[in-house]
Amino acid sequence: MAVAAGGGSVWGTAGKAVAGGWRGPAGDGRPDAEVTRLEAGLIELRRDLHRHPELPGEERRSAGVVARELRAAGLTVTTGVGGHGVVGVLHGTRPGRTVAYRADMDAVPPKDIVGGGQAAAHLCGHDIHTTVALGVAKVLARLRQHLSGTVVFLFQPAEESLSGARAMIEAGVLERTRVEEIHALHCGPFPVGRFAVTGGYGMPGQDKAEVTLQGPDAPESARRLAAEIGALATVTPPQTPADIERMVTDAQTPDGPFARFVALRASAQDTGVSVSYRCWPQERYTEIRGEIRRLATSYAGAAVSFPAEPFPALVCPEPDARALARHLRRAPGRDPGRDPVTMLHSAFPPFSGEDYALYLDRVPGTYTFLGVRAPGAPVTTSYPHFPDFAPDERSIGIGVRAMAGWLAQRSHR
C-alpha cells in the first residue's frame with residue numbers, strides 16, 4: 001500500500017457498490033476479540049493524547065501520533081489536509097461503498113473552559129474521539145479480508161474554532177475520496193455503555209449580530225437594548241449540576257422544552273450591542289434576525305449587521321439514525337439487560353455547536369453521543385468544557401466495538 005508522509009497527497013479511491021459484507025459468519029466474534037486485544041493499548045494512547053493538549057490549529061503532535069498509528073495499521077495516509085488534518089484510507093478486499101468516519105483532535109482553549117482556565121485542556125473528549133477512531137481503523141485493518149468497500153478516516157483539526165471541517169472540505173477530502181456518507185461519535189453526559197442517537201436532530205447552528213448606536217446616550221441605550229434583545233431567549237445556560245441533569249432529561253423528552261428554543265447572549269458595549277445566539281429549528285434564524293432588527297431600529301440612528309449566513313445547524317437524517325440504533329442494540333459487548341440506546345428529541349446541547357454540520361450539509365450520515373459518565377460520578381465529569389470533565393475510559397472499547405461493526409455494515413450494500 002502506498003503511504004504519504006508530511007504534506008503528501010496520496011488519496012484512496014472508492015470501490016463500486018455491490019452486495020457483500022464481512023466474509024464468514026456475521027457474529028463470529030472476531031471484531032470483538034480484536035477490540036479486547038487492543039483495549040489496554042488504546043487507553044494508554046488516549047492518556048498520551050490527554051497529556052499533550054493542543055489548541056485549535058496547532059495539533060502538530062496529535063496529528064503526528066495519528067499518522068504514525070495509521071501507517072502502522074497499514075492504511076494509506078495523507079497529512080497536512082486543511083491544516084493539521086490527517087486522512088487514513090482503508091480498502092476492503094471486496095467492492096462496496098465508501099464511508100467516512102470523523103474524529104476531532106484539538107483541545108479546549110482556556111477561554112472556553114467553564115469558569116476559565118490557564119491552558120488548553122482535553123475537556124471536550126477529543127482525545128477519546130481520536131482514540132476511538134484509531135481503534136476502529138486498527139480493528140478493520142486487521143479484518144480487512146472480511147471487509148467490503150472503503151473506509152475513510154478523517155482526523156480533523158480546529159473543531160473548537162469551527163474552522164477545521166471547512167478547511168478539510170475545501171481541501172477536497174470528500175470529493176477526492178468519493179465519500180458517500182459520514183459518521184461520528186461525541187462524548188456525552190450519558191451512562192457509560194449508552195449511546196444517544198440524534199435522528200432528525202443534532203446540534204444548533206449559530207448566528208451573530210452587531211448593533212451600533214450613536215449619540216452621547218449610546219452607552220445607556222446599549223444597556224437597555226441588550227436587555228430587550230436578551231429577553232428573546234427562551235432557555236438559559238445551566239448554572240448548577242441539577243440544571244444539567246434536567247437538561248439531559250429534557251433532551252430525551254418528546255416535545256420537551258428544547259424542541260423549539262432560542263439561546264441568546266447580548267452584551268452591551270460603549271457604542272452598541274454584540275449578540276450571539278442559537279435557535280431551533282434552524283429556520284428560526286430569519287425570525288430572530290427580524291426581531292433583533294426591529295428592537296435595534298427603535299433607537300434613532302442604530303445600524304445592525306449580520307453575517308451573510310448563520311453557521312448551519314447539525315441535522316442528522318432520521319432514517320440513518322434509526323438504522324444505527326438498530327445496529328447498536330445488536331452490537332457485541334453490550335449489557336443484555338439494558339437498552340444501550342436512547343433517542344434524543346431535541347438539539348443537544350442547546351448552547352453548543354459543531355462544525356461537523358458542514359459535512360452533513362454535503363453527505364448523509366450520523367452523529368451520536370457516546371456515554372462517558374462513570375457510575376455515581378457527578379454529571380459535570382461527563383459534560384464537555386467543565387474543568388472536572390473526566391470520561392470513563394471504558395467508553396473507548398465500547399465506541400470501537402460499535403463503530404467498527406457499523407462502518408463495516410455501511411461500507412457494503
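**Overall architecture and local features of the predicted model**

The protein contains 11 helices and 14 strands, where helices (H or I, at least four residues) and strands (E, at least two) are DSSP runs numbered from the N terminus. The model is predicted, so local features need pLDDT of at least 70 and side-chain atom pairs count only at pLDDT 80 or more, while totals for chains, interfaces and linings use all residues. Residues are numbered from 1 along each chain as its sequence is written, and side-chain values use heavy atoms, with hydrogens and water left out.

The C-alpha trace spans about 75 × 50 × 40 Å along its principal axes. The radius of gyration, taken over C-alpha atoms, is compared with a globule rule of 2.2 Å times the number of residues to the power 0.38. For 413 residues a compact globule would have a value near 22 Å, and the protein, at 22 Å, agrees. Its accessible surface is about 16,200 Å², and 52% of this belongs to carbon and sulfur atoms; areas come from the Shrake-Rupley method with a 1.4 Å probe, and for residues only the protein chains shown count as cover. Of the 413 residues, 56% are buried, meaning under 20% relative accessible area, as against exposed (over 50%) and partly exposed (in between). Among contacts (heavy atoms within 4.5 Å) with a separation of 6 or more, 80% are between residues 24 or more positions apart.

A nonpolar core is a set of buried Ala, Val, Leu, Ile, Met, Phe, Trp, Tyr and Cys residues joined through side-chain atoms within 4.5 Å. The largest such core has 59 residues, and Leu 140, Phe 153 and Phe 155 touch the most other members. Helix α3 (residues 126-142) supplies the largest share of this core, 9 residues. Another core, of 44 residues, lies apart from it and includes Val 235, Ala 263, Cys 316 and Leu 360.

Aromatic rings form 10 pairs in the structure. Rings of Phe, Tyr and Trp (its six-membered ring) pair if their centres lie within 6.5 Å; planes under 30 degrees apart count as stacked, over 60 as edge-to-face and the rest as tilted. The centres of the Tyr 367 and Phe 369 rings are 5.8 Å apart and their planes stand at 85°, so this pair is edge-to-face. Both Tyr 367 and Phe 369 are buried. Ring pairs also join these two residues with Phe 190, Phe 348, Tyr 356 and Tyr 359 in a cluster.

Phe 348, a member of that cluster, is joined to Pro 349 by a cis peptide bond with omega about -15°. Pro 349 lies in the loop between β13 (341-343) and α10 (357-360). The bond from Trp 280 to Pro 281 is likewise cis, with omega near -5°, and Pro 281 is in the loop between β10 (272-280) and α8 (284-296).

Two residues other than glycine have positive phi: Arg 178, near 60°, and Asp 255, about 55°. Arg 178, in the loop between α5 (173-177) and β5 (181-191), is exposed at 53% relative accessibility. Asp 255, in the loop between α7 (241-251) and β9 (261-269), is exposed at 73%.

Ser 382, in the loop between β14 (365-373) and α11, is buried with a relative accessible area of 0%. Beyond its neighbours within four places in sequence, Ser 382 contacts Gly 188, Pro 189, Val 372, Arg 373 and Phe 389. In helix α11 (residues 394-410), 14 of the 17 residues are buried.

Notes
Buried < 20%, exposed > 50% of the residue type's maximum accessible area, 1.4 Å probe, protein only.
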